Amino acid sequence: MRVAENLNAALHRALAEDPDLHLLGEDVLDPYGGAFKITRGLSDRFPERVLSTPISENAITGVAAGLALAGDSAIVEIMFGDFAALAFDQLVNFAAKSVSMYGSRVPMRLVVRCPVGGGRGYGPTHSQSLQKHFVGVPGLALYEVSPFHDNADVLAEMFAREEPCVLFEDKVLYTRPMYEVAEPFRLDVHTPGVARVFLDERPDCVVVAGGGVSHRVMAAMRSLLLEEEIVCTLLVPSRLYPVGIELPPGTRRVFVVEEGTAGGTWGAEVAHEIHRRHFADLDGPVTLIHSADSVIPTAPHLEAAVLVGADDVHRVIRETLRG
Amino acid sequence: MTATVTEAAVAEGAPSDEDLSLLLTIRAFEERLLDLFGQGMLNGTTHTCLGQEYVPVALEALLRPEDHVFSNHRGHGHYLARHRDPEGLLAEIMGRRGAVCGGVGGSQHIRTERYLSTGVQGESLPVACGVALRLRRVSPGALACVYVGDGTWGEGGVYEALNLAALWRLPLLVVVENNGIAQSTPTQRAMAGTIAGRAAAFGIAHERVVGSDLAAIRRQLAPGVEAVRGGAPLVVEFVTHRLGPHSKGDDTRPAGELARVRAADWRAPYAAAEPERVARLEAAARARIEAVVADVVAREPS
């Protein structure tokens with residue numbers, strides 16, 4: 001099963017199991033089924049609760065927040081995550097704050113889905129990874145789709161938090177298979193919500209990465225193993241924020257990989273958390289690996305030069321460990 | 001689509017003791033709040049509704065318990081008309097025990113039962129559409145009422161929400177308190193065209209209310225509010241007057257303009273028509289608010 005199918009199945013199941021759940025977004029109705037076809041089949045099956053909206057990200061998110069405020073559950077599809085900037089006020093100043101600013105906890109079952117990331121030539125306003133812009137908002141939790149987490153579980157967890165959540169979906173994952181790792185690596189659950197890709201031997205370093213770059217990191221792990229005899233363990237959390245990463249015992253080197261561009265990154269937040277808890281155990285500070293400080297260009301050669309790739313991951317890990 | 005009533009002050013008979021008391025209680029509350037600010041006893045900021053008290057008092061008779069009300073930064077009158085709770089509101093503003101929202105929200109972020117206010121202009125309209133969507137499904141006949149100002153019409157979210165409300169036939173009542181000024185900016189310097197024209201662009205009915213006679217307002221608005229309950233959204237524009245500053249001590253309007261605004265105050269015609277009753281109820285309202293202040297000031301922090 002591909003990631004897109006897993007996500008679509010998760011949405012079908014969520015709408016079937018929760019009669020108060022609504023899904024809103026632009027062009028989500030059948031037969032179109034959303035710009036990336038993630039909502040395919042939903043409006044035919046749940047016509048009263050799958051609502052196609054005008055091009056109004058502010059209002060869509062506000063309506064979803066209103067449904068949540070009144071006791072329903074809601075999922076918003078932002079067609080391209082970049083457009084979540086238009087919903088920033090509703091999400092940050094209303095939905096997230098409503099959880100706590102009225103003195104007693106107000107449950108807000110609201111998920112905003114944001115397809116993000118480049119690699120498809122959509123250019124500067126349709127290719128960003130916006131995770132970093134949403135880090136550190138009280139009452140707002142951030143998740144990222146990965147090939148290693150069943151999205152039905154992820155959706156259930158987000159709604160169980162009863163606070164607004166943003167689900168980032170790297171577009172390059174949609175066509176990737178679920179639960180597939182490169183030989184000779186194996187996959188298991190490290191801690192609840194955190195997948196681990198590993199070898200049995202003791203790793204030289206731990207790589208923490210969001211699901212969207214997991215294939216790039218796995219490609220680098222394979223080349224580092226074969227060419228440099230460097231052994232890496234990859235940890236992929238489903239929840240990006242609040243950060244909840246447990247390092248395996250004996251970890252001495254940590255890298256954080258993300259597609260977001262340089263400056264104020266999610267990785268910096270992860271690094272801070274790891275330094276706070278494990279600084280004395282590490283051989284050096286956590287190393288951040290991310291895209292360049294740039295807009296995401298359209299032309300393929302220019303885009304590839306900006307976005308973090310497997311070769312960047314390989315190079316930085318080799319240079320950091322071997323000098 | 002646009003309707004207007006005349007500027008009759010007390011054309012349709014005297015208000016009830018209850019209505020008059022509520023009007024005067026809101027006024028006493030707001031005036032006392034400015035006093036407390038002057039004495040340095042309040043933290044942060046506040047926005048009083050002096051001059052606009054009659055708007056929520058008039059509407060309260062048209063609202064039902066199952067309706068939701070969304071308010072804004074200038075919301076004390078909206079809250080007091082709906083919940084008659086000056087103790088909880090003052091405690092919220094002062095951060096004392098018994099505060100409606102534990103002192104977290106303060107003057108412009110209040111939530112209780114089906115009442116909610118937020119401090120960002122235009123933000124509550126889309127939210128109210130979402131609530132209206134649920135009401136239509138689980139509580140047919142109930143509506144979502146949103147108070148906004150004339151300045152709020154500068155926000156894009158207003159138009160996104162009006163579009164949805166019309167498209168989806170949501171039970172949404174938008175109440176515009178057009179007091180002619182947004183903080184320090186006169187409406188004519190911020191708004192091209194009219195509120196009526198903007199409502200008409202969406203095919204949404206618009207009622208323009210001039211004057212402060214409670215009975216006349218209720219008579220004018222009753223059919224439209226009833227239609228909202230059936231899924232025909234409505235914009236009600238009150239031509240009203242802000243007697244006080246935007247927040248505190250920040251009124252830059254010239255003396256002539258202030259005199260004109262004060263001359264339009266709803267209180268004067270009521271006092272002229274029934275001086276003894278107004279004086280009696282006003283004294284009672286002020287005494288009540290004095291007692292509330294004495295009580296809340298003595299309370300421990302929230």
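How much area do chain A and chain B bury between them, and what percentage of it is on carbon and sulfur atoms? In this predicted model, the two chains bury about 2200 Å² between them, with 68% of that area on carbon and sulfur atoms. On the side of chain A, the residues that lose the most area to chain B are Val63(A), Met101(A) and Tyr102(A), which together account for 25% of what that side buries.

**Contact between chain A and chain B**

- The contact draws 28 residues from chain A and 27 residues from chain B.
- Between the two chains there are 10 residue pairs in polar contact, counted where both residues have pLDDT 80 or more, and the count of salt bridges between them is 3.
- One salt bridge is formed by the side chains of Asp20(A) and Arg137(B), with an N to O distance of 3.0 Å.
- Several elements of chain A each supply at least two residues to the side that touches chain B, namely strand 1 (21–25), strand 2 (50–52), helix 3 (57–69) and helix 4 (88–98).
- Helix 3 of chain A provides the largest share of that side, with 8 residues.
- Sorted by class, the side of chain A that touches chain B is made up of 12 nonpolar, 12 polar and 4 charged residues.

**Cavities**

- Across the whole structure, the search finds 5 cavities of 30 Å³ or more, and the largest cavity has a volume of about 130 Å³.
- The largest cavity has a lining of 14 residues, and those nearest its centre are Gln131(A), Glu144(A), Glu258(A), Glu259(A) and Gly260(A).
- Strand 12 (residues 254–261) of chain A gives the most to this lining, contributing 3 residues.
- By class, the lining of the largest cavity comprises 4 nonpolar, 5 polar and 5 charged residues.

**Backbone details in chain A**

- As background, most peptide bonds are trans, and most residues other than glycine have a negative phi.
- The peptide bond from Asp30(A) to Pro31(A) is cis, with omega near 10 degrees, and Pro31(A) is placed in the loop between strand 1 and helix 2 (42–45) of chain A.
- Asp27(A), which is not a glycine, has a positive phi of about 60 degrees, and Asp27(A) is placed in the loop between strand 1 and helix 2 of chain A.
- Tyr241(A) and Pro242(A) are joined by a cis peptide bond with omega about 0 degrees, and Pro242(A) is found in the loop between strand 11 (239–241) and strand 12 of chain A.

Conventions:
Residues numbered from 1 in each chain as written. Chains lettered and ligands numbered in written order. Predicted model: local features only at pLDDT ≥ 70, side-chain atom pairs only at ≥ 80, totals over all residues. Heavy atoms only, no water. Contact = heavy atoms within 4.5 Å. Buried area = accessible area lost by both parts, 1.4 Å probe. Salt bridge = Lys/Arg side-chain N within 4 Å of Asp/Glu carboxyl O. Polar contact = N/O pair within 3.5 Å; in protein donor to acceptor, adjacent residues only side chain to side chain. Helix = DSSP H or I, 4+ residues; strand = E, 2+ residues; numbered from the N terminus. Nonpolar A, V, L, I, M, F, W, Y, C, P; charged D, E, K, R; others polar. 1 Å grid on protein atoms, 1.4 Å probe; cavity = no way out; pocket = protein on both sides within 12 Å on 5 of 7 lines; lining within 4 Å. Points joined across faces, edges and corners; volume = space filled by probe spheres on them.
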